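Visitor: I would like to go through this model term by term. Please hold each label against its definition.

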Amino acid sequence: MTTTFSATDHAHMARALRLAEKGAYTTKPNPLVGCVIAHGDDIVGEGWHERAGEPHAEVHALRAAGDRARGATAYVTLEPCAHTGRTGPCSEALIAAGVARVVAAMRDPFPQVDGAGFAKLQAAGIAVESGLMETQARALNRGFLSRIERGRPWLRVKLASSLDGRSAMASGESKWISGEASRLDVQHWRARSGAIVTGAGTVLADDPSLTVRLGDDTAFVAPLRVVLDPGLATVARGRVREGDAPTLYLHAPDAKPPRDFDAAHAAVPMIEGRMDLSAVLRLLAERGVNEIQLEAGATLAGAFLAQGLVDEVLLYVAPVLLGENARPLFGGLGIEAMTSKLQLDVIDVRRLGEDTRVLLQPWKQE
């Protein structure tokens, strides 16, 4: 279902992708979707999926277009759905509106769609083409696609370091390595996450709240706060359970929650005395988490990295030095030779105040 697309097609899909991104903080666990309806260069309607449970992008765009949708082309960043969930099938809405052509960036791998939306449209005589700007569309929905295709969320590790690659003093003190601009930027990454994960050590040392603090009227769905605490040693700590954001404790099967413990919790298998991190990710995927932001110490960050479970590293580098006694970014990697080094690809670099933000992804050999 591929073809040669025109410059107009590219322009409209690029617009649809920008629209889709507007739902980054509010659509989870649904994918981000944008839609543009046009006659040639003339856009007659557009919309995006704004919040889970509410109308999808195609419905918003069709409402804006009205009768002008008839005979038009609909540009959609993801295959229109073909099933009834909390909303009706978008494929049927496009058919009813009389669009002549649908251009999708990619097929939706969600089992209840996965080509069925395209099939419905084609059966109704609508021309269907897909694959336009698919790479960009996949990047936009990397969390959703990870959950559906791999059975686990996309895992991003957030770290702040000194120029000499240290994440905290030997005592564990880490406030503040990075500057105010970096700390504000972190809030936006938190807002797009389905869960913020930390370990018991971080809770005991820092007592973090792990909430989103944007300081404006930006709408967002509060991410789930997840504490990996095999023995439930941190349940007396309060900040991670304060406020409206939900909290989940993951613990060993033999851990005994206190009698008055009313927080959500679940058991996770242990492997040689350590929590099965792959099982953690599967459990969170089953709870609809698309993206995880890991905000933890070197030990837990290193464990996820060593097991090949890290998809992205969000690193804020401050122009300071902490010395050789300070803690590393990742612990327990056991790298002894240059041939064993872990390679990362630099995806993006930008300046935030006095800091430098680097976005990296572990290198995967083809």
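Visitor: How many salt bridges are there between domain 1 and domain 2, and what makes a pair count as one?
Guide: A salt bridge needs a side-chain nitrogen of Lys or Arg within 4 Å of a carboxyl oxygen of Asp or Glu. Between domain 1 and domain 2 the count is zero. This is a predicted model, where local features need pLDDT of at least 70 and side-chain atom pairs count only at pLDDT 80 or more, while totals for chains, interfaces and linings use all residues. Residues are numbered from 1 along each chain as its sequence is written, and side-chain values use heavy atoms, with hydrogens and water left out.

Visitor: What makes these two domains?
Guide: An automatic or database domain assignment sets the bounds. It gives domain 1 (7-140) and domain 2 (152-362). Their centres, taken over C-alpha atoms, are 34 Å apart.

Visitor: How do you know that the domains touch?
Guide: Contact means heavy atoms within 4.5 Å. Eight residues of domain 1 and 14 residues of domain 2 take part.

Visitor: What is the area buried between domain 1 and domain 2?
Guide: Buried area is the accessible area (1.4 Å probe) that two parts lose on being put together, summed over both. Here that comes to about 840 Å², with 51% from carbon and sulfur atoms. On the domain 1 side, Tyr25, Lys28 and Pro29 lose the most, together 69% of what that side buries.

Visitor: Why are strand 11 and strand 17 called edges?
Guide: Strands are DSSP runs (E, at least two residues), and helices are runs of H or I, at least four residues, both numbered from the N terminus. Two strands pair if DSSP finds at least two bridges between them. Nine strands form an open, mixed sheet in the order 11-10-9-8-14-6-15-18-17. Strand 11 (264-267) and strand 17 (344-352) each have a single partner strand, so one side of each lacks a neighbour in the sheet.

Visitor: What makes strand 8 and strand 9 a pair?
Guide: Strand 8 (195-199) and strand 9 (224-228) share five bridges, in the parallel sense. Two would do. Thr198, for one, has Val227 of strand 9 as its bridge partner.

Visitor: Which residues of helix 2 are called buried?
Guide: Buried means under 20% relative accessible area, exposed over 50%, partly exposed in between (1.4 Å probe, protein chains only). In helix 2 (57-65), Ala57, Glu58, His60, Ala61, Leu62 and Ala65 are buried. Their cover includes strand 1 (34-39), strand 2 (42-48), strand 3 (73-76) and helix 3 (90-97). Just after helix 2, Gly66 takes a positive phi of about 60°.
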